[in-house]
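Have the viewer open and follow along.

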Amino acid sequence: MGTTKTSKGINLHRRRFFGTAAMSIAAAQLILSGSADAEPSNAKLAELPKIKPGTNTSFGTLKQIDAGVLKVGYAETGDANGPGVILLHGWPYDIHSYVDVAPLLAHAGYRVIIPYLRGYGTTRFLSSETVRSGQPSVVAVDIIALMDALKIDKATVAGCDWGARTANIIAALWPERCKAMVSVSGYLIGNQEAGKMPLPPKAELEWWYQFYFATERGRAGYEKYRREFSKLIWQLASPKWDFDDATFDRSAAAFDNLDHVGIVIHNYRWRLGLAEGEGKYDELEQRLAQAPVITVPTVTLEGDANGAPHSEPDVYAGKFSGRYEHRTIKGGIGHNLPQEAPQAFAEAVVDVAAL
């Protein structure tokens, strides 16, 4: 696997990962929560072990915590007193996108939190009266509430797909809570007005599922065939990723959440202006509609075989005004980059968080 780098401003120092091929099981054990202000030792940063994608299959026992409107299900690993790193999954994926990344970061001395987003896995709403909204700003509000509940004042946020968009929003709206960011496919903040603008036909074709979800037939189809649908998206978005049924099934179990379909459908309909958002978040949406520049240190990543809709790095490089670097990860890496290339993803987190 190779990496191509382009940078703006200060070029981030890229550490070489070395060590044993096997990883201590203890490094992946779940631990109690703690302070996010400590810094990992340089020695640990220099001794991250190599890992083969698919080495790990489980986080062990998951935790639950009331945070905002949710009872969030999450995995936690690493140093209870280490600096916080929050890893955010996308659709149609789940926390297993980070099953190999998390032990690497734990080994480096970080406190690693991997939450199920609303509508996934063991995350539940505290009230049946809460709107099952999937609008992007609300998902970011969920993560800020989770940080508050876990007493994490500031963390590095890193994500892919919906998770990258959520990380972008946190970095843009709450930079005081965001030490640094890693974002797969770059700058992903959008708004409803932009979503109404037509794209060239080839680009529209890549978003076929968004138009499918705009119909009641699409909602019913996703409800009935959510696993088949999700596996198709995995194959299209990562055409060179040879994942097996067991790998897919571990993540697909997260889609059995009772709120999953409603939140996914609302997310994509909201993007097209076909569904209303919650009025109490209008001010956030207005700020996001201005396409705010992200000021926190950032590394953006892209796989060289990403089959999902995405922009070229030069399109969004200007949206980052702080220390910034882009890395293209070679070797047939698709859209689910942290699971397909965990070494490269963890390295990016370590590099950007050390600034």
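At what angle do helix α8 and helix α11 pack, and how far apart are their axes? Helix α8 covers residues 216–224 and helix α11 covers residues 260–271; they pack at about 145°, with 10 Å between the axes. Axes here are lines fitted to C-alpha atoms, for helices over the stretch in contact, and angles run from 0 to 180 degrees between N-to-C directions. Helices (H or I, at least four residues) and strands (E, at least two) are DSSP runs, numbered from the N terminus.

The crossing of α8 and α11 is right-handed (a crossing is left-handed if the near helix is turned anticlockwise from the far one by less than a right angle, and right-handed if clockwise). On the α8 side, Glu 216, Arg 219, Tyr 222 and Glu 223 meet residues of α11 that include His 260, Val 264 and Arg 269; contact means heavy atoms within 4.5 Å.

Residues are numbered from 1 along each chain as its sequence is written, and side-chain values use heavy atoms, with hydrogens and water left out.

The protein chain averages a pLDDT of 89 (the predictor's confidence in each residue, from 0 to 100), and 86% of the residues score at least 70. Residues 9–46 are the stretch to watch: pLDDT is below 50 there, though the model gives this stretch 98 contacts beyond near neighbours in sequence. Where pLDDT is low, the predicted coordinates should not be read in detail.

## Strand β3 and its partners

Strand β3 (residues 70–78) pairs antiparallel with β2 over 5 bridges; two strands pair if DSSP finds at least two bridges between them. The two form a hairpin with 2 residues between them, and Gly 68 in the turn has a positive phi of about 65°. Ala 67 sits opposite Leu 70, and Gln 64 has Gly 73 as its bridge partner. Strand β2 (residues 63–67) has Lys 63, Ile 65 and Ala 67 on its covered face, while Gln 64 and Asp 66 are on the uncovered one.

β3 also pairs antiparallel with strand β5 (residues 111–115) over 5 bridges, with Ala 75 partnering Ile 114. Another 2 bridges join β3 to strand β6 (residues 124–125), again antiparallel, and here Leu 70 stands opposite Phe 125. Because 8 of its 9 residues are buried, β3 is largely enclosed by the rest of the structure. Buried means under 20% relative accessible area, exposed over 50%, partly exposed in between (1.4 Å probe, protein chains only).

## Salt bridges

The structure holds 13 salt bridges, each a side-chain nitrogen of Lys or Arg within 4 Å of a carboxyl oxygen of Asp or Glu. One of them joins Arg 177 to Asp 148, with the closest N and O atoms 2.9 Å apart. That pair links distant parts of the chain, 29 residues apart: Arg 177 is in the loop between α4 (162–173) and β8 (178–184), and Asp 148 is in helix α3 (residues 136–149). Arg 177 is buried at 13% relative accessible area, whereas Asp 148 is partly exposed at 46%.

Glu 325 and Arg 327 form another, at 3.0 Å between the closest N and O atoms. Glu 325 is buried at 0%, and Arg 327 is buried at 1%. Finally, Lys 63, Glu 76 and Arg 111 are linked in a salt-bridge network.

Note on methods:
Predicted model: local features only at pLDDT ≥ 70, side-chain atom pairs only at ≥ 80, totals over all residues.
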